[in-house]
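Thanks for coming, everyone. Let me put the model on the screen and walk you through it.

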Amino acid sequence: MKQRSSKTQVVFDWYDSLVFALAVVMIVLIFGVRITEVFGKSMEPTLHWGDRVAVQILGYKPKRGDIVVTDSLTKYGETLVKRIIATGGDTVDIDFESGMITVNGQRVEEPYISEPTHLQYDVEFPVTVPTDCVFVMGDNRNASLDSRCTDVGFIEEKAIFGKVLLRLAPFGSFGKVL
């Protein structure tokens, strides 16, 4: 009889551990990481239309180079997936002839873009990013509506939903997003 109760105890211990692990995973997924879908071609070649990505939402502080997802409370009124080019206090300049971007006088190295930045909207450069805001651009610079346009403008840090961490789908493209 003792063997049966010890086996039962082991089963209950495993069950408790499994329930606890699932609860932790659910809490992380609900409060720490969200999954969202990419719409549009503005982040190609890095991300493609229909990609599903995991987004870190807790404890994130915006940094240059990060790919972020905004919430729909931006001036633009829709969710955006873009790369941070500059943060509050930085000065951004774009030479649309050469396609070169500088931040605080330093050329931005961008191995992730599909082609140089030639598309100009209505923002006059150079611009200084206000405190608690970021300047964002899509990696497909000539097919992206971003901070170069006053319709989007600077994005307030509080409107950033989180940082893109991983591409989850399509499964063949699973991995870290740089």
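Which residues do ring pairs link into a cluster? They are Phe96, Phe125, Phe135 and Phe154. The structure holds 3 aromatic pairs. By pair I mean rings of Phe, Tyr or Trp (its six-membered ring) with centres within 6.5 Å; planes under 30 degrees apart are stacked, over 60 edge-to-face, and the rest tilted.

A word on the source. This is a predicted model, where local features need pLDDT of at least 70, side-chain atom pairs count only at pLDDT 80 or more, and totals for chains, interfaces and linings use all residues. Residues are numbered from 1 along each chain as its sequence is written, and side-chain values use heavy atoms, with hydrogens and water left out.

Now the fold. The chain has 1 helix and 12 strands. In sequence order the pattern reads α-β-β-β-β-β-β-β-β-β-β-β-β. These elements are DSSP runs numbered from the N terminus: helices are H or I with at least four residues, strands are E with at least two.

Next, contacts and surface. Take the contacts in the chain with a separation of 6 or more: residues 24 or more positions apart account for 59% of them. Contact means heavy atoms within 4.5 Å. The accessible surface comes to about 10,500 Å². Carbon and sulfur atoms hold 59% of that surface. The areas come from the Shrake-Rupley method with a 1.4 Å probe; for residues, only the protein chains shown count as cover. Of the 178 residues, 39% count as buried. Buried is under 20% relative accessible area, exposed is over 50%, and partly exposed is in between (1.4 Å probe, protein chains only).

Let me go to single residues. Start with Arg141. Buried or exposed? Arg141 is buried, at 0% relative accessibility. Arg141 sits in the loop between β9 and β10 (155-156). Leaving aside neighbours within four places in sequence, the contacts of Arg141 include Ile85, Ile101, Glu110, Tyr112 and Arg148. Ser114 is also in contact with Arg141. Those two are 27 residues apart in sequence, yet their C-alpha atoms are 7.3 Å apart.

Tyr112 comes up again. The charged end of Arg83 sits over the Tyr112 ring, 3.6 Å from its centre. The test is NZ of Lys or CZ of Arg within 6 Å of the ring centre and within 35 degrees of the ring normal.

On to Cys133, in strand β9. Cys133 has a relative accessible area of 11%, so it is buried. Beyond four places in sequence, Cys133 touches Thr87, Gly88, Phe154, Ile155, Glu156 and Glu157. Phe154 is a member of the ring cluster.

Asp90 lies in the loop between β4 and β5 (91-95). Asp90 is buried too, at 7% relative accessibility. Outside four places in sequence, the partners of Asp90 are Arg64, Val103, Asn104, Val127, Thr128 and Val129.

Asn104 deserves a look of its own. What is the phi of Asn104 near? The value is near 55°, positive in a residue other than glycine. Most residues other than glycine have a negative phi, and most peptide bonds are trans. Asn104 is in the loop between β6 (100-103) and β7 (106-107). At 39% relative accessibility, Asn104 is partly exposed. Asp132 also has a positive phi, about 65°, and is not a glycine. Asp132 falls in the loop between β8 (127-128) and β9 (133-137).

Now the cis bonds. One runs from Glu44 to Pro45, with omega near 10°. Pro45 is in the loop between β1 and β2 (52-56). Another runs from Ala169 to Pro170, with omega near 5°. Pro170 is in the loop between β11 (160-169) and β12 (175-176).

Last stop, strand β6, where we find Thr102. Thr102 is buried, with a relative accessible area of 15%. Not counting residues up to four places away in sequence, Thr102 touches Thr91, Val92, Asp93, Arg107 and Val108.

That is the tour. Questions, please.
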